[in-house]
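Here is a friendly briefing on the side-chain links and surface of one model. Have the structure open as you read.

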Amino acid sequence: VQLQASGGGSVQAGESLRLACAAARNIFNSYAMGWYRQAPGKQRELVASITTGGITNYADSLKGRFTISRDNAKNTMYLQMSSLKPEDTAVYYCNAGLGSGGYYLPLDFWGQGTRVTVSS
């Protein structure tokens with residue numbers, strides 16, 4: 001398994017969750033990483049991305065609530081989600097791709113997805 005996401009669950013609105021994505025070392029060291037999400041009946045959308053050098057980029061609607069980070073020693077990327085809303089309910093996927101901070105291009109490296117459910 002090259003990418004493995006974890007940390008999803010069911011929470012109440014206003015609570016926080018931290019997702020993790022463990023990656024194979026060769027992938028983690030070579031590529032930018034990103035979090036996507038797909039809500040029921042909707043297209044998959046980019047949530048945030050981070051370059052190998054730590055430059056981050058966020059979907060405009062999520063700035064201030066979500067924080068992406070990476071731990072190079074653990075080959076793991078994180079998504080700290082706070083003040084969660086019911087509309088954040090989705091399956092969250094991690095991805096490895098190309099990016100410079102101003103853009104993110106996903107490659108065909110996907111984790112299996114972790115489900116986040118936010119109740120009002």
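## Links and surface at a glance

The count of disulfides comes to one, a disulfide being a pair of cysteine sulfur atoms within 2.5 Å. This is a predicted model, in which local features need pLDDT of at least 70 and side-chain atom pairs count only at pLDDT 80 or more, while totals for chains, interfaces and linings use all residues. Residues are numbered from 1 along each chain as its sequence is written, and side-chain values use heavy atoms, with hydrogens and water left out.

**The disulfide**

- Cys-21 and Cys-94 are joined by this bond, with an S to S distance of 2.2 Å.
- The link of Cys-21 and Cys-94 is right-handed, with 65° about the S-S bond.
- Cys-21 sits in strand β3 (residues 17–23) and Cys-94 in strand β9, so the pair ties together parts that are 73 residues apart in sequence. Strands here are DSSP runs of E with at least two residues, numbered from the N terminus.
- Both Cys-21 and Cys-94 are buried, meaning under 20% relative accessible area, whereas exposed means over 50% and partly exposed lies in between (1.4 Å probe, protein chains only).

**Salt bridges**

- Side chains of opposite charge can pair when their charged atoms come close.
- The whole structure holds four salt bridges, each a side-chain nitrogen of Lys or Arg within 4 Å of a carboxyl oxygen of Asp or Glu.
- One of them pairs Asp-88 with Arg-37 at 2.9 Å, N to O. Asp-88 lies in the loop between β8 (76–81) and β9 (90–99) and Arg-37 in strand β4 (residues 32–38), so this pair ties together parts that are 51 residues apart in sequence.
- Asp-88 also forms a salt bridge with Arg-65, the closest N and O atoms being 2.8 Å apart. Arg-65 lies in the loop between β6 (56–58) and β7 (66–71), so its pairing with Asp-88 ties together parts that are 23 residues apart in sequence.
- Asp-88 and Arg-37 are buried, and Arg-65 is buried too.
- A network of salt bridges links Arg-37, Glu-45, Arg-65 and Asp-88.
- Asp-60 and Lys-63 meet in a salt bridge at 3.3 Å, N to O. Asp-60 counts as exposed, at 64% relative accessibility.

**A nonpolar surface patch**

- Leu-98, Tyr-103 and Leu-105 form a nonpolar patch with about 280 Å² of accessible area together. Such a patch joins nonpolar side chains (Val, Leu, Ile, Met, Phe, Trp, Tyr) within 5 Å, from residues with over 30% relative accessible area and no salt bridge. Accessible areas come from the Shrake-Rupley method with a 1.4 Å probe.
- Leu-98 belongs to strand β9 and is partly exposed, with a relative accessible area of 37%.

How values were computed
Helix = DSSP H or I, 4+ residues; strand = E, 2+ residues; numbered from the N terminus. Patch = residues over 30% accessible without salt bridge, like charges linked within 9 Å, V, L, I, M, F, W, Y side chains within 5 Å.
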